[in-house]
Structures are given as C-alpha cells and as structure tokens.
Amino acid sequence: MSELVNDISIVEEPQETLSMNPRKFIMWLFVVSIIMLFAAMTSAYLVRRAEGNWLEYDIPSIFSYSTIVLVVSSLTMHWAYLAAKKDNFTGLRIAITITFVLGAVFLYMQFQGWVNLVNENVFFVGNPAGSFMYIFTGLHGFHLISGLVVLIFALVASFRFRIHAKSLNQLEIAATYWHFLDILWLYLFFFLVYFH
Amino acid sequence: MATVSANPAIVAHATEHDHHEPQSFWRKYIFSEDHKTIAKQYLISGILWSIIGISLSVMFRLQLGFPNLKLGFLRPVLGSWINETDKLDPDFYLALVTMHGTIMVFFVLTAGLSGTFSNFLIPLQVGARDMASGFLNMLSYWFFFIASVVMFSSMFIETGPAAGGWVIYPPLSALPQAHKGSELGMTLWLISMALFIVSQLLGGINYITTVINLRTRGMSFSKLPLTIWAFLLTAILGLISFPVLLSAALLLIFDRSFGTSFYLSEIYIKGEALPNVGGSPILFQHLFWFLGHPEVYIVILPALGMTSEIIATNARKPIFGYRAMIASMMGIAFLAFIVWAHHMFVTGMNPFLGSIFMFLTLIIAVPSAVKAFNYITTLWRGNIRFTPAMLFSIGLVSFFISGGITGLILGNSALDIQLHDTYFVVAHFHLVMGAASAFGLLAGVYHWFPKMFGRMLDEKLGYVHFWLTFIGIYLVFFPMHYVGIAGFPRRYYAFTSYDFTKNIFADMNAFISLAAIFTFAAQWVFIYNFVNSLIRGKRATQNPWKSNTLEWTTPIIPGHGNWVGEIPAVYRWPYDYSKPGAKDDFIPQNVPYSQTPESNLPHENELISLESEIEAQNLNDQFKQPH
C-alpha cells in the first residue's frame, strides 16, 4: 500500500507548481517564527547596547567547544539521512542516537557555560549585557530540547521501520529542524562574539 | 489524471473516506479537527468576548460622560470596585480601559475575525477538504480558549486585571509595586497573551500552508478570491510579528518575576531606590510596536478582503482593479513593518528619524486610497443589491475613509506632538480599525451565515441593526475628534480637576456616552437575530447570493471533506459578474470556458485548450493522500 501511494506521488508531484508536502511547509513556517523571535531578541540587544552603560566580559571558552559539538551533531544528522536513503537501518538508528547524545552533551556544555559566567560574576540579574547572554543561550537551549523530542520521535519511527528510502518525510522534517537549530546557534554565537 | 483515477488503490482510498465513521459528540463538536466547527467555535467565542469588551467600554463611558453619576446600581456586577461614595474606583477605571483594548483588539478582532473566517473560508474557497493540519488547527483554538479563560479569570481577582493600558508599557507594567493593576493581573495578562500568541502562530501557519499547498486544480494565485489573498497576507503578518511580541513579553516577564533590568533603569518608587540598572523602557516600545503596528493590519486586512468579495457579489460587477487590490494589500502588508515608530514620535526620538517614519507612514495612504477608490468604482453603476452584508461592507468603506484621513494628520510627526494620546487618536483608530473591521466581521457573518448554519439571517432585523450601528458609531466617534483637538488626554479617569478641561465639553462627553450606550443596545438586535435565525431562520438555498466562489458549490451544509465526490476544478477568476452575453449575471469559478462560448472574450477562447490540462493536474485532495 505505502509503495503504491509513493508511486503515485512520484507521478503527481512535478505537475503542480508551488506545492510541497504540507507538513514540511508547516515546519518551514515554524522555523520562520523562531527566526523572528531571535531577530527581535538580537535587535533588542543591539538597540540596548547602543545606549551605553554596557558590561564588558569574556565569553566563556566552553561556548566555542559546544559550538563544535553542535556542528558535529549536524553532520551525524546528515549521516542519518544518507543511511535512511540507502535503507541502512542500523546506520540510521546509530546516527540518530549519536545526534541525540551530542545534542544532550551540547546542552550540558551550555549549562557549564552558565556556571562559568557566574564564576566570572556575570549574573542573569544585573546589567542587561549579561542577562541577554543567558536569554540567548537559554531560549536556544529550550528550542534544542524540543529538537531532542523530535529526534526521539524519529528514533522510535526508525525502530518501527517507518523511516526508509521511500518514506523520508519525517526524517527530513527532523533533519531540517536540527540543522536549523545548529545554524541558529552559530548565528547567536558569532553575534555574541562580534557584538559584546 | 488518468494515471491517478485508474489506480485502484487510490479509488479504494477515496471511497473509504466518503464513509467516515460517525464521530462521538466530543470529537464532533468540542475537540473537533474540522475547520468549519473550529470556525464556529471562534465565532461564538468572539461574540461572547465582544459582549464583554463592549460592556466594559460602556462602564467607563458612564464615568467619563457623567462624572457625578452615582454608580451604585453597578455594585451587583462590579462589587467593591464601586467605592463607598458610589463612584467607580479610579484603579478599576484603568483596568476597564486596558481590558477593553486587549479584549477588542486581540480576542475579538484578531481571534474572532481571522479565526472565524480564515478557518471557515480558506478551505472552502481554495477547494480543500480541510486545513493542512486539523490537529494544529484544533490546538490553535484550544490555546485561544485557555488564553481566554486566563484573561477572563484575571477580571475577578482582588487586585483587579492588568491596568497599564493594552500597550503595557514598562516601567508601570514591570513593577508590581507600582500599581494595583501591575500585580497578579499583569502576570495573568502576560500568561494569557503568551498562550494567545502560540494560538495565533499555530493558526497562521496552518492558513499559509493551506493556501499555498492545498489549492484545487486550476486555482492559481491569479484566480484566488481577494478574501483568500487578504487572509494569506494577514497570516504572514502574524507569523512575522507575533514572535516579536512574544520576545517583548518574555523579557517583561523576566523583569517582573526574576529581577532582570531589560526595561528598567535607575528608578525610585515610593521614595525607595530599586536595584535595577541599565534597562531601557523605550526598548519595549520598539519591540511592542513592531508587533503593534502590523497588528492593526492583522485586524483590518481580513475585513477588507471579505468586503471586496461581498461588494463585488452584491454590486453584480467584477471587482474593480483585482490586481491593484492584491498589490495594495501587499503594499500595506510590507509597509506595516517599517512604520512602527510613528507610535513613538514623542519618546524623545531623533527628529530626523521621526521624519523618515513620518514619510513611510504617509506612503500607506497610497495603497489605502487605491483600495478605497476600487471599492467605490466597483459600486459605480453596479446593479446593487442592498443586502445587510452589502450595507455593512459599504459602511466599512465609509469608516475606512473617514478614519483613514485622520491617519494622515496623526502620521505627521509635528502634528502628533499636539494630538498624541488624546481622544483624537482614540477617534481615529476606533473608526479605521475598530469600527471598520467590526463591520467587516458583521458583514461576513451576514454573508456567510447561510453557509455556516444552513439558514438565513433575518434581513429586516439586519437593516435595523445596520442603521442603528452605523449612525451610532459616527455619533460616538465624530464628536470625539473635537474633544481630542481640545487636548483631552485619553485614559484619564475624570476631567474635572484640570483648568483646561474643567468647564468645556462636559455636554459633548455626555453625548458621546449616550451614543455609546445606544450603539451597544443596538447590538442586541444582532444577537437576537443570530440566535433566533439559528433556530427558526429561513432555510438557505445552495447559492443564496448568486456568488461565484467555490464555497457555494458545496452542499447547503457541507459535511466532513466539504464536497461530495471530486473537488471541483477552477477555470476562471471569481469575479465574472454581469458578463456581457452570459445567460446569468454570474458564472461560478468551476464553469469551464468551453461551456460559455456566448460570453467568452477572445483570449478566453484560447484558454479552452488548457482546460484538459487543468483537469489533468495533480489534485491536492487530502482524502487521496496518505495521512
């Protein structure tokens, strides 16, 4: 049944312009709303910073390492996608699991970053320069947790053989979201490094 | 098409869907994923909220119009908010103003308007079985419902609901010790609005996806009804601006509850210095108005879209300037994001920056005027049928023009210094955005009631309702301009203790209040008509207004999936009214050119050869997709 349905979608798809899987489209619009959330936050940061009275401090180096961890997790996510395309189920499960673990490690490192900030006497309560740091990392972390939940769903689906070369939508949505969270962090990280 | 229908698996799948199991009461009416049911839920919620919201305004109008009136008779409703001297508590007056604004802008004219008609009309007019995701759509309503419950309950707590104005500017809103209304009421306001934003985002994402991905065969963007264009642009505005309000609210929550200083700089309260350093209250205004300004277009655009449709249908003429209408809506939507600082001319902004925002603001007059002219030229020499919906649509055009013109005055940064935060502003936005979009909402209810409930609203009561409301609204807001020019500031509890307001305009204020009570009373005609017609109304026919759009090709009461059998294909734009040579004065969108040789224009005859191509297109039928 599912194969038949897929055959049909192959026949149908090229004929309709401007049409994609609605679920994927919903994912992209969701991404747009998150982009606007962070665009507002970072522009608030710039507006506030331009007013002076801005606390200068060093960004803990652990944030650089966590950035690397997250980039690697994006690579393993892509590995999961390639494995699924080849119906390599073991590879798929391993890759999603590694991605998940790397995501969790990233979150732990972000938390350590907060601990380091506190040791530097940069607190959540105080000069907005420090508060914004916590807000950016915290909000991103919150979204990353939602990304981990999406990964768990993908992992469960992979064990039930619902993700395979002819049924990639769910994995593609998970991968899109995960890569987006990666790029979002890269943006925030370089933003913080450049404008602090 | 041949490949598709020849496939037995697909056919089996489709028939399987035609015989859906009957659903339980809860799934069918309460936790429904059907866009029509969700639309009705939004409509009923919106009507209930508007009764509450307008009653609040009547209460504070009593105080403003009759400052010496004993309000003891309101004690059964307001309890201890009426103090020992039978006067309205000044703190509660501010709460009333705040809640009136919040409820009317967000809960009635955003959720009640977009929620009802985007949900109801998008799938029906683009030719889809339902929204892209029925589940997200259901979540959207229930987030709105929880937001409503939280907001409603905030009116019954001891310290009263939020009272810092619907714009909740810090520091007033950020410091619980500043004001009664900044205590628990403000916290509940923020929680409610956060939930509301989630609801709007879920809804908006669904609307955009449905319009772009689930149009039926042949429904290209240049054949979309203007309603759908308006809903699409509204949803895009919401998707881009609501997250910004969420950011603003989030930072405010941290300032209030966790002691951060995003919006709070060195500040003394009750003679005591607060620990906060380095915040900027103006930052909040920037973030707030980046949503706040698009929000007024979120409120008005759906109303403009629906009235375009209603005016063309009832003038029996093609809409004048279909493409110009789309372009001007796009122009308005784009400009909406780059004019927010015109709300902030008096915050000490750099005057040069002010002049830029003034320039951008005044440009909005261009697309708005294009729309106004197009409405008028559509009406010009039309074969007009004055149905209640048509009257309300024409009323909208009237309000849009008379309220829009004062926008030109307020958009001027020099004039705004005098007029900022006076009743002139109140009169301006109540006409152009409040009354105009409320009329759009009412026009929509009168026009689509037969499709929603299978019965007609009573026309005579509709006429009575229209004239009382139309006259009443002008009686309320026209005099208000004068009060504003005289410098009366908005949100003041009373004008009795200032020299410049002491002895003037007391009679005018009393008159405005009487007109407001009159207009509110007139709305019960509508409520009665709505409830009565729901039960006893005349049965509707399939296409009572002889309209062209697809929703009138469904059964009188469309069931699950909207169309029985195939979804119709679309061959023409939705405005073929009174086409020369045609048998009837309307040709629905699903009638191919090959069937109307008598009325085809030369280029349309050429389109006949494309018809087989349209029919062969992929049908984005959700019943034929795996789900």
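Q: Over which residues of chain B does pLDDT stay under 50, and how many contacts beyond four places in sequence does the model have for them?
A: This is a predicted model, and pLDDT is the predictor's confidence in each residue. In chain B, pLDDT stays under 50 over residues 1-19. For that stretch the model has 17 contacts beyond four places in sequence.

Q: What is the mean pLDDT of chain B?
A: The mean is 91, and 96% of the residues of chain B reach 70 or more. For the model, the scores are ipTM 0.87 and pTM 0.92.

Q: What radius of gyration would a compact globule of 627 residues have, and what does chain B have?
A: A compact globule with 627 residues would have a radius near 25 Å; chain B has 25 Å, so the two agree. Its C-alpha trace spans about 80 × 55 × 50 Å along the principal axes. Of the 627 residues, 52% count as buried.

Q: What span should the 24 residues of α3 in chain A have?
A: At 1.5 Å a residue, α3 (residues 62-85) should span 34 Å; its end C-alpha atoms are 35 Å apart, which agrees. After α3(A) comes A:D87, with a positive phi near 55°.

Conventions:
Residues are numbered from 1 along each chain as its sequence is written. Chains are lettered from A and ligands numbered from 1 in the order in which they are written. This is a predicted model: local features need pLDDT of at least 70, side-chain atom pairs count only at pLDDT 80 or more; totals for chains, interfaces and linings use all residues. The radius of gyration is taken over C-alpha atoms; the globule rule is 2.2 Å times the number of residues to the power 0.38. A residue is buried if 20 or more other C-beta atoms lie within 10 Å of its own, exposed if 12 or fewer, and partly exposed in between; C-beta atoms are placed from the backbone. pLDDT is the predictor's confidence in each residue, from 0 to 100. Two residues are in contact if their C-beta atoms, placed from the backbone, lie within 7 Å. Helices (H or I, at least four residues) and strands (E, at least two) are DSSP runs, numbered from the N terminus. The expected span of a helix is 1.5 Å times one less than its number of residues.
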